Amino acid sequence: MGLNSTPSSERIHIGFFGVRNAGKSSLVNRITNQDVSVVSDVKGTTTDAVKKSMELLPLGAVEIIDTPGIDDIGELGEKRIQSANKILNMCDIAVLVTEAYRELNTAETELIDIFKARNIPYLIAHNKADLIENFSNSDKDIFVSAKDNSGIAELKEAIAKNFGNAKKEIRLVGDFIKENDFIVLVTPIDESAPKGRMILPQQQAIRDIIDAGAVSIVVQPNQLEETLKKITPALVITDSQVFRKVMNIVDESIPLTSFSILLARYKGFLDTAIKGVEAIKTLDNGAKILISEGCTHHRQCEDIGTVKLPKWLEDFTGKRFEYEFSSGHGFPEDLSNYDFILHCGGCMLGDKEMLYRMNTANNQNIPFTNYGTAIAHINGILDRSIQIIKDRN
């Protein structure tokens, strides 16, 4: 899959970290062959993370991220450090940029400790190697000079060689189906759907079905019953919002699941989502629920996160809850104020960031689930909707 056809969440995210003035921005400009980041001798020039998508073979589509100096000072410096820390949550690979003529300082060794604690594969790029006479590369240490463009090719090769398996090989739906199977996708197009296109999990499912040599049949909810009179599909995948309607149409003999549940498995947090959903019945009146989304779309009058899910939760439990909402990369680190976390499928977030959010909740003993799992549970169809996954395992 090429760069233009690879969504941001599916690209390998490579973060460049280090102290101020180590040459991170200059090195990123050399790696990408573009002036992506502003370069200056003044410390702290990079104030926000700067991203650039490119092809880095044999890894494929990657996103290069230049981050602010981790040793910045003052109130603004603290915000820059927070920005760098947020990037860590989404990184598949980290490159620590330091200066070749000196030993690692405390801030840099602490960064390495963070990489290790978060299981982020890393390399150390010893920049400004033009200022020293003798050096040699190793598996972890690559000597480069952004000034004279030396060692850049070696750094790229080291990233590709050491981290060729950074992205897990798991399919969204292709490993459940066989060649020539009919797969029905129920994709309601309403006022909350994006204009002129399908949402990302639907696009990914169609492509994965094609790659498996199977046949995808895309229908609206009101077309499903008539469609099932003509074919018997190997699987029906539905948008979670219409689970209740679809479950009453699809015969029990036909496997049924949702895009959101498949996405939770694909991202690696389905087991946590299944466990977390059991907490819904134990929530007290007035419990505080964080509903979080990875994207920042405009809220519609029948928005699933802010309107539909709160209503369904309260109808199901007979209780009233307090809600807070977050979107984009604005997921709070301190979850102690919340009793329950309800997250979207995370299609716009990388695996690392979704697992970071899951682990943040787990470490603070806050139940964590996602939209599709919760909706399936509310409708009493969770066991059926994960059966195909159990059978596969």
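Among contacts between residues at least 6 apart in sequence, 71% join residues at least 24 apart. That figure describes the protein in this predicted model. The chain has 393 residues, and 53% of them count as buried. There are 13 helices and 14 strands. The protein exposes about 18300 Å², and carbon and sulfur atoms supply 47% of that area.

Now look at one helix. H9 runs over residues 270–277. Which of its residues are buried? Leu270, Thr272, Ala273, Gly276 and Val277 are. They sit on the same side of H9, because they cover an arc of only 160° around the axis. An α-helix has 3.6 residues a turn, so residues three or four places apart point the same way. Turn to the other side of H9, and you find Asp271 and Lys275 exposed.

Next, pick out a single residue in a strand. Val218 lies in strand S8, which spans residues 215–219. Val184 is 34 residues away from Val218 along the chain, yet their C-alpha atoms are separated by 6.0 Å. Which residues does Val218 touch, not counting those up to four places away in sequence? Val218 touches Leu185, Thr187, Met198 and Ile206.

Definitions and conventions:
Residues numbered from 1 in each chain as written. Predicted model: local features only at pLDDT ≥ 70, side-chain atom pairs only at ≥ 80, totals over all residues. Heavy atoms only, no water. Helix = DSSP H or I, 4+ residues; strand = E, 2+ residues; numbered from the N terminus. Buried < 20%, exposed > 50% of the residue type's maximum accessible area, 1.4 Å probe, protein only. Contact = heavy atoms within 4.5 Å. Areas by Shrake-Rupley, 256 points an atom, 1.4 Å probe, with all protein chains shown as cover. Arc of directions from axis to C-beta.
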